[in-house]
Amino acid sequence: MSSLEAVWVQPYDHPGAVYVTGVFDILHVGHVRYLGAVAGRGLPLVVGVEDDPRVRAWKGPTRPVNPAAERAEVLAALRFVSGVFIVTGPSEAHGPEDYIDLLAPMRPGALAHTAGDPHAGGRCAAAALLGAECWELEAIPGRSTTRIVNAAGMG
């Protein structure tokens, strides 16, 4: 049993969607282009937003800038997003096995990540165990929340 849970903001309960998880702290053009490219591959897109305590543990006390509920609300407003949930659970639960247990009941058709993601291997292993495809898409160069936070002097 996973120590991670999904708290649905915009429920989606159909097999075969593509799932993306992440922080999505300050939504920017890099996020929108990436998520649009994922959705453009033809499967419904479902996004998992990491909760505030998990983000704080990984990125430090000044993050996230925006609370998880607001980050999820903004993502749900994108026309190409079919579902959104908040990932809750202990910050140390971030391995492939944790996400397999979380995502298995959702019956994903694919898991997507950006090229260069340090967890890409684990994501692809999880996809294989879930019977899903593993999609790697290019990140949008020069676009990141960390860059925005640092440029604004918030980091």
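1. Val-7 sits opposite Ile-86 of β4. Strands here are DSSP runs of E, at least two residues long, and helices are runs of H or I, at least four, numbered from the N terminus; two strands pair if DSSP finds at least two bridges between them.

2. A word on the source: this is a predicted model, with local features needing pLDDT of at least 70 and side-chain atom pairs counting only at pLDDT 80 or more, while totals for chains, interfaces and linings use all residues. Residues are numbered from 1 along each chain as its sequence is written, and side-chain values use heavy atoms, leaving out hydrogens and water.

3. The sheet is open and mixed, with 6 strands in the order β1-β4-β3-β2-β5-β6. β1 (5-10) and β6 (133-137) are the edges; each has a single partner strand, so one side of each lacks a neighbour in the sheet. From one strand to the next, the twist averages 30 degrees.

4. Now α2 (residues 52-59). Its buried residues (under 20% relative accessible area, 1.4 Å probe, protein chains only) are Asp-52, Arg-54 and Val-55. They span an arc of only 160 degrees around the axis, so they lie on the same side of α2; the arc is taken from the directions from the helix axis to the C-beta atoms. Their cover includes β3, α3 (68-76), β4 and α4, contact meaning heavy atoms within 4.5 Å.

5. Both ends of α2 deserve a look. At its start, a side-chain oxygen of Asp-51 comes within 3.0 Å of the backbone nitrogen of Arg-54. Just after α2, Gly-60 has a positive phi of about 110 degrees.

How values were computed: Axes are lines fitted to C-alpha atoms, for helices over the stretch in contact, and angles run from 0 to 180 degrees between N-to-C directions. Buried means under 20% relative accessible area, exposed over 50%, partly exposed in between (1.4 Å probe, protein chains only). A polar contact is a pair of N or O atoms within 3.5 Å; within protein, one must be able to donate a hydrogen and the other to accept it, and residues adjacent in sequence count only if both atoms are side-chain atoms.
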